[in-house]
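Me: I have a model open and want to learn how to read its features. Can you take me through it step by step?

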Amino acid sequence: MLGAMTREELTEQIVVARLAKGLTWQELADAIDRPVMWTTSALLGQHPIPPEQASVLVDLLGLDEAAVPVLAAVPMRGGLPSAVPTDPTIYRFYEALQVYGGAIKELIHEQFGDGIMSAINFSVALEKKPHPGGDRVVVSFDGKFLPYDWTAAD
(Lines give C-alpha, C1' and ligand atoms only; values in the text may rest on other atoms or scores of the structure.)
Protein backbone atom coordinates (compact mmCIF):
# COMPACT_ATOMS: atom_id res chain seq x y z
CA MET A 1 0.00 0.00 0.00
CA LEU A 2 1.29 3.44 -0.88
CA GLY A 3 -0.31 5.32 1.99
CA ALA A 4 -0.85 9.05 1.68
CA MET A 5 0.78 9.63 -1.68
CA THR A 6 0.81 13.14 -3.11
CA ARG A 7 -0.01 13.81 -6.75
CA GLU A 8 3.54 15.10 -7.24
CA GLU A 9 5.02 11.85 -5.89
CA LEU A 10 2.73 9.82 -8.14
CA THR A 11 3.68 11.91 -11.18
CA GLU A 12 7.34 11.17 -10.48
CA GLN A 13 6.55 7.43 -10.20
CA ILE A 14 4.66 7.56 -13.51
CA VAL A 15 7.54 9.23 -15.35
CA VAL A 16 10.07 6.74 -13.96
CA ALA A 17 7.83 3.70 -14.63
CA ARG A 18 7.08 4.80 -18.20
CA LEU A 19 10.78 5.13 -18.99
CA ALA A 20 11.69 1.88 -17.21
CA LYS A 21 9.05 -0.04 -19.19
CA GLY A 22 9.93 1.65 -22.47
CA LEU A 23 6.36 2.87 -22.99
CA THR A 24 5.56 5.91 -25.10
CA TRP A 25 2.91 8.45 -24.17
CA GLN A 26 1.10 7.37 -27.36
CA GLU A 27 1.03 3.73 -26.20
CA LEU A 28 -0.47 4.80 -22.89
CA ALA A 29 -3.07 6.93 -24.67
CA ASP A 30 -3.95 4.08 -27.02
CA ALA A 31 -4.44 1.74 -24.04
CA ILE A 32 -7.30 3.93 -22.77
CA ASP A 33 -8.49 5.19 -26.17
CA ARG A 34 -7.85 8.85 -25.37
CA PRO A 35 -5.88 11.55 -27.24
CA VAL A 36 -2.15 11.50 -26.52
CA MET A 37 -2.08 15.18 -25.49
CA TRP A 38 -4.87 14.69 -22.94
CA THR A 39 -3.39 11.45 -21.62
CA THR A 40 0.08 12.92 -21.21
CA SER A 41 -1.30 16.00 -19.48
CA ALA A 42 -3.48 13.84 -17.22
CA LEU A 43 -0.60 11.57 -16.27
CA LEU A 44 1.47 14.65 -15.48
CA GLY A 45 -1.24 15.70 -13.03
CA GLN A 46 -3.41 18.17 -14.95
CA HIS A 47 -6.67 16.19 -15.42
CA PRO A 48 -8.57 13.60 -13.40
CA ILE A 49 -8.53 10.17 -15.03
CA PRO A 50 -11.72 8.10 -14.65
CA PRO A 51 -11.05 5.10 -12.35
CA GLU A 52 -11.57 2.49 -15.11
CA GLN A 53 -8.97 4.17 -17.31
CA ALA A 54 -6.69 4.89 -14.36
CA SER A 55 -6.70 1.17 -13.48
CA VAL A 56 -5.57 0.26 -17.01
CA LEU A 57 -2.73 2.79 -16.83
CA VAL A 58 -1.69 1.72 -13.33
CA ASP A 59 -1.50 -1.92 -14.50
CA LEU A 60 0.53 -1.00 -17.60
CA LEU A 61 2.93 1.08 -15.54
CA GLY A 62 3.20 -1.52 -12.76
CA LEU A 63 2.05 0.89 -10.06
CA ASP A 64 0.16 0.07 -6.87
CA GLU A 65 -3.65 0.12 -7.17
CA ALA A 66 -3.65 2.84 -4.46
CA ALA A 67 -2.65 5.19 -7.29
CA VAL A 68 -6.10 4.90 -8.95
CA PRO A 69 -8.00 7.24 -6.59
CA VAL A 70 -5.13 9.74 -6.72
CA LEU A 71 -5.31 9.75 -10.52
CA ALA A 72 -9.11 10.06 -10.39
CA ALA A 73 -9.08 13.06 -8.02
CA VAL A 74 -9.62 16.53 -9.47
CA PRO A 75 -6.13 18.07 -9.47
CA MET A 76 -4.84 21.54 -8.74
CA ARG A 77 -4.33 22.61 -12.34
CA GLY A 78 -1.69 24.87 -13.78
CA GLY A 79 1.24 26.27 -11.96
CA LEU A 80 4.85 26.09 -12.92
CA PRO A 81 7.78 26.06 -10.49
CA SER A 82 8.49 29.72 -11.28
CA ALA A 83 6.54 32.70 -12.64
CA VAL A 84 8.75 32.78 -15.73
CA PRO A 85 9.37 29.23 -16.94
CA THR A 86 13.01 28.23 -17.08
CA ASP A 87 12.67 25.02 -19.09
CA PRO A 88 13.72 26.04 -22.64
CA THR A 89 10.80 24.30 -24.37
CA ILE A 90 8.16 25.83 -22.09
CA TYR A 91 9.94 29.20 -22.09
CA ARG A 92 9.60 29.43 -25.91
CA PHE A 93 5.79 29.35 -25.54
CA TYR A 94 6.05 32.07 -22.90
CA GLU A 95 8.29 34.06 -25.23
CA ALA A 96 5.96 33.56 -28.21
CA LEU A 97 2.99 34.81 -26.16
CA GLN A 98 4.98 37.86 -25.07
CA VAL A 99 5.62 38.68 -28.72
CA TYR A 100 2.30 37.59 -30.27
CA GLY A 101 -0.12 37.62 -27.30
CA GLY A 102 -1.25 41.21 -27.88
CA ALA A 103 -1.84 40.56 -31.57
CA ILE A 104 -3.74 37.34 -30.85
CA LYS A 105 -5.93 39.18 -28.34
CA GLU A 106 -6.64 42.02 -30.78
CA LEU A 107 -7.52 39.64 -33.58
CA ILE A 108 -9.81 37.56 -31.35
CA HIS A 109 -11.70 40.73 -30.40
CA GLU A 110 -11.82 41.96 -33.99
CA GLN A 111 -13.05 38.67 -35.41
CA PHE A 112 -15.23 37.37 -32.54
CA GLY A 113 -16.06 40.35 -30.31
CA ASP A 114 -15.38 41.05 -26.65
CA GLY A 115 -14.56 37.71 -25.07
CA ILE A 116 -11.97 35.03 -24.51
CA MET A 117 -10.90 31.61 -25.73
CA SER A 118 -11.90 28.94 -23.24
CA ALA A 119 -9.20 26.76 -21.76
CA ILE A 120 -11.92 24.52 -20.29
CA ASN A 121 -13.85 23.74 -23.50
CA PHE A 122 -10.52 23.24 -25.21
CA SER A 123 -8.18 20.90 -27.03
CA VAL A 124 -4.57 21.15 -28.06
CA ALA A 125 -2.78 19.17 -30.74
CA LEU A 126 0.86 18.74 -31.63
CA GLU A 127 2.07 17.84 -35.11
CA LYS A 128 5.51 17.15 -36.55
CA LYS A 129 5.69 18.78 -39.98
CA PRO A 130 8.59 17.79 -42.22
CA HIS A 131 10.42 20.75 -43.74
CA PRO A 132 13.58 20.90 -45.88
CA GLY A 133 15.14 23.40 -43.46
CA GLY A 134 14.38 21.21 -40.43
CA ASP A 135 11.22 19.66 -39.02
CA ARG A 136 8.59 22.11 -37.78
CA VAL A 137 6.58 21.93 -34.56
CA VAL A 138 2.92 22.79 -35.13
CA VAL A 139 0.82 23.41 -32.02
CA SER A 140 -2.90 24.08 -32.42
CA PHE A 141 -5.06 25.48 -29.63
CA ASP A 142 -8.79 24.93 -30.17
CA GLY A 143 -10.92 26.70 -27.57
CA LYS A 144 -14.56 27.72 -27.57
CA PHE A 145 -15.12 31.47 -27.83
CA LEU A 146 -16.78 32.81 -24.68
CA PRO A 147 -18.25 36.30 -25.04
CA TYR A 148 -18.20 38.52 -21.99
CA ASP A 149 -21.69 38.92 -20.56
CA TRP A 150 -21.88 42.19 -18.66
CA THR A 151 -25.34 41.70 -17.14
CA ALA A 152 -26.22 43.11 -13.76
CA ALA A 153 -26.56 40.66 -10.90
CA ASP A 154 -30.05 40.23 -9.49
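Reply: Start with helices and strands. They are DSSP runs, numbered from the N terminus: helices are H or I, at least four residues, and strands are E, at least two. Here, Glu 95 is found in helix H6. Note that this is a predicted model: local features need pLDDT of at least 70, side-chain atom pairs count only at pLDDT 80 or more, and totals for chains, interfaces and linings use all residues. Residues are numbered from 1 along each chain as its sequence is written, and side-chain values use heavy atoms, with hydrogens and water left out.

Me: Which residues does UniProt place under "active site"?

Reply: UniProt positions follow the numbering used here, feature names are shortened, and annotations may be inferred rather than shown by experiment. The unreviewed entry lists Arg 92, Glu 95 and Ser 118.

Me: Is Ser 118 buried or exposed?

Reply: Buried means under 20% relative accessible area, exposed over 50%, partly exposed in between (1.4 Å probe, protein chains only). Ser 118 has 5%, so it is buried. Glu 95, at 33%, is partly exposed.

Me: What is Ser 118 in contact with, beyond its neighbours within four places in sequence?

Reply: Contact means heavy atoms within 4.5 Å. Ser 118 sits in strand S1 (residues 115-129). Its partners, leaving aside those neighbours, are Gly 143, Lys 144 and Leu 146.

Me: Where does Met 76 lie?

Reply: Met 76 is in the loop between H5 and helix H6 (88-112). Its relative accessibility is 76%, so Met 76 counts as exposed. Residues up to four places away in sequence aside, Met 76 touches Gly 45 and Gln 46.
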